[in-house]
Amino acid sequence: MGATDVGALGRWTAAGLARVGRTTLNERDLRRLFRRHVAPLVGPTPARFASEAASADRPVGDERVSDGRGGGASESLWRPRDRRAMRPADFVTLGVASPDELADALARRWRRPDGADGRARTIEATVQVATKLRAAPAATSAEVSATTYVMH
Amino acid sequence: MIRTLGLSAYYHDSAAALAGDHQVIAAAQEERFSRIKHDPAFPALAANYCLEEAFIEVDELDAVVYYDSPVLTWERVLTNAIEGGAEDLFVEAAGEVLGRKLWVQDEAVAVLGGLGRAGRLLYCEHHLAHAASAFYPSPFDEAAIVTIDGVGEWTTTSIGWGRGADIELTSEIAYPHSLGLLYSAVTTFCGFKANSGEYKLMGLAPYGEARYAGLIRDHLIEVRADGSYRLNLEHFGYLDGPTMTAPSFAALFGGPPRQPEARITRREVDLAASIQAVTDDLVERIALSARRESGSRHLVMAGGVALNCVANGRLAARGCFDGIWIQPAAGDAGGALGAALLANHGYFGVPRPSPQGRDRQRGSLLGPAYSPAEVDAFLQRNGLPATHLADPAERAAAVAARLAEGAVVGHFSGRMEFGPRALGNRSILADARRPDAQRTMNLKIKYRESFRPFAPIVAAEDCAEYFDFEGESPYMLMVAPVRAEHRRDGGCRPAGEPDDLLAIVNQVRSDIPAVTHVDHSARLQTVDAERNPELHRLLAAFRELTGCSVLVNTSFNVRGEPIVCSPDDAYRCFMRTEMDVLLLGEYLLERSNQPPFEDDPSWRQRYGSD
């Protein structure tokens, strides 16, 4: 199965679930699916979690230089904000009024450095679920679950 | 005039606020109208009130603005699911964001009937709304800005600056690292509710010793010298499950979480003291970073953590800033107010005149008022006997006299407060000097036992006589110690197992025991004649009678009920409890004169635990 073959990914997942006698994905499945099949589509792990992953094996506080109150390590954990101030255009683009706008907003947000949509399939699935729920807010969790299954 | 309606909704404490140019015209939480505590619903009733207050229709608005970006929130929910797992949690969150929050414009159009001249809903970032709520109404031309809450979109903590009409947030800590969520995690571990029990945890802290502070710093949160931080996520459950803490959290603190309503043990009081100590330290570091980044010696704060008046009081006492101003509705409700002002300044380009050292929060009295004619109609309609006291001085004297006699008074006056605290207009008042006031008010009015003392109100000009505090605290957002000459004990903290916190809190520790905590601290509210002349007159009249201008102030409600809004709410609460007197605007009602009150006996079940 190629890394970009989303249809095959779905078939592989469904077959795998059938093999173990389950119909829904569990947490471990999701992690495995993401790391093996989705991560290559969207590029590197977001920095927020990459830093966490890098530090996962290091006890919290082990690089601390004590100042008597528990602080003191030199490296700052503050990060610059993506949006320092609100520009007039932001007041419009931070929300959406239609499924098309949702697709555009997510595509802008997740555009890769080379200009390609980083998560085309995820955007498609998001819009699909959101459109369904917009029309029927009382949709059952099973419907949402089914579509989010596709999303993964 | 540019008029913008700000909305916060779908999380907790939904609210609406109406800004006219740089001023706030009206603001209110939805819970006050719907009578559902912390109501997260679209704020239809609050928005309607705001339009009524300005006497305008929705098509006369320039814009409606929502305080959050559902697109960014969706990104966080999705990333969290991919990284953290927990399909059930994800499906629920996905349904909420994709089915509801994304389409807030649809609901706004359906409920309001339009979106003003802008023609479409505007949005702003959550922490920029908090920042705007803190800076724009503040008394400062320029200030450092700190926002700290659980999470808004990706951000949990941010620092920046405000100058004139410009606001920039320059640095942030992002989810899942969150001081607000850490505090909430300890809150739930100690058996209190997240998003409302944090105040209880703060009130519990003075009983304890901070013996877990080192453990918290070693295992839960890594704090850098500049106030940046990260959590050790292995001990938290909120990333991939429905609980705030992971099983390993319990292992760290020697056993399972306390069950709600179970006996409070030494562990919980020491945990409360410990997380408070860590919070005090971290808030100070964050504030100092904001000072360095902005170059300003003024500080403004918002976000739920900014309601921690112990941390605020300690920061003020350190003298690191020339002035500190905190948005009274610092939680999500205040986001509506911030969003409205942010749109006026940032979208419509409205200039911000110099505040010249005076805040524009109007005492946070931004909710509905009821005219004497409306109150009179209510009394007539229900056949309720009352004394009309149209003269303000006569009214103050009459209420003061009853307070001095030991009466507990429901004080319903003027515009309702915006924010979680009752600041005198929807308050229950009593004589702070009476040793039995604490117990009486808890048992006969609030129908609860509480280890937290009540808060004092004091005439601003008399504050220094009773409290070690300089400046003003008009919004009950600072804790300050009772002055040594008013204390009556040796200042010893309770030792050993806190078997009976109630016995401890009911001990007389000062000349104003009903408002003095075990460490002699008090959640202070100063009252001045400019912001609240009616309440200030009452304090002056009470002082004239008794020589003391401190009163007990607690919110006008019973446990689990939103603070009263209307005369009807107030009268119902008055009759359901054992208050002696009710002041309804210009009308004084004595309990002993009231006709029998027929009530639904199940009303106590309607309000859950708080």
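Two strands count as paired if DSSP finds at least two bridges between them. On that basis, nine strands of chain B form an open sheet with mixed pairing, in the order 13-21-20-14-15-19-16-18-17. The model is predicted, and the predictor gives the complex an ipTM of 0.90 and a pTM of 0.89.

**Confidence and domains of chain B**

- The average pLDDT of chain B is 93, and 97% of the residues score at least 70.
- Chain B is divided into three parts: domain 1 covers 1–137 + 329–357, domain 2 covers 138–326, and domain 3 covers 372–489 + 500–594.
- Between the C-alpha centres of domain 2 and domain 3 of chain B the distance is 30 Å.

**Contact between domain 2 and domain 3 of chain B**

- On the domain 2 side, 13 residues are in contact with 16 residues of domain 3.
- Two elements of chain B, helix 8 (198–204) and helix 12 (309–318), each give two or more residues to the side of domain 2 that touches domain 3.
- Helix 12 of chain B gives the most to this side, with five residues.
- By residue class, the side of domain 2 that touches domain 3 holds nine nonpolar residues, three polar and one charged.

**Nonpolar core**

- The largest nonpolar core has 232 residues, and the members that touch the most others are B:A17, B:C124 and B:I145.
- Helix 11 (residues 266–294) of chain B supplies the largest share of this core, 13 residues.
- Leaving aside residues up to four places away in sequence, B:A17 touches B:G6, B:V24, B:A26, B:A27, B:C50, B:A336, B:L337 and B:A340.
- One of these contacts, B:G6, belongs to strand 1 of chain B.

- Strand 1 (residues 3–8) of chain B is mostly covered, with six of its six residues buried.
- In a regular strand the side chains alternate between the two faces of the sheet.
- In strand 1 of chain B, B:R3, B:L5 and B:L7 point one way, while B:T4, B:G6 and B:S8 point the other way; all are buried.
- Strand 2 (residues 15–20) of chain B runs antiparallel to strand 1 and is joined to it by six bridges.
- Within this pair, B:L7 has B:A16 of strand 2 as its bridge partner.
- Strands 1 and 2 of chain B form a hairpin with six residues between them, and B:Y10 in the turn has a positive phi of about 80°.
- Strand 4 (residues 63–66) of chain B runs parallel to strand 1, and four bridges join the two.
- Here the bridge partner of B:G6 is B:V65 in strand 4.

- Strand 13 (387–388) and strand 17 (478–481) of chain B are the edge strands, each pairing on one side only.
- Strand 17 of chain B is joined by four bridges to strand 18 (residues 521–527), and the two run antiparallel.
- Across this pair, B:A480 has B:A522 of strand 18 as its bridge partner.

- Strand 14 (residues 409–412) of chain B pairs with strand 20 in the parallel sense over four bridges.
- In strand 20 of chain B, B:L584 is the residue opposite B:F412.
- Strand 21 (residues 587–590) of chain B also pairs with strand 20, in the antiparallel sense and over four bridges.
- B:L583 stands opposite B:L588 of strand 21.
- Strands 20 and 21 of chain B form a hairpin with two residues between them, where B:G585 in the turn has a positive phi of about 65°.

**Chain A**

- Chain A contains seven helices and one strand.
- Read from the N terminus on, the elements of chain A run α-α-α-β-α-α-α-α.
- Of the 152 residues in chain A, 20% are buried.
- Among contacts in chain A with a separation of 6 or more, 42% join residues 24 or more positions apart.

Note on methods. Residues are numbered from 1 along each chain as its sequence is written. Chains are lettered from A and ligands numbered from 1 in the order in which they are written. A nonpolar core is a set of buried Ala, Val, Leu, Ile, Met, Phe, Trp, Tyr and Cys residues joined through C-beta atoms within 7 Å. A residue is buried if 20 or more other C-beta atoms lie within 10 Å of its own, exposed if 12 or fewer, and partly exposed in between; C-beta atoms are placed from the backbone. Two residues are in contact if their C-beta atoms, placed from the backbone, lie within 7 Å. pLDDT is the predictor's confidence in each residue, from 0 to 100. Domain bounds come from an automatic or database domain assignment. Ala, Val, Leu, Ile, Met, Phe, Trp, Tyr, Cys and Pro count as nonpolar, Asp, Glu, Lys and Arg as charged, and the others, Gly among them, as polar.
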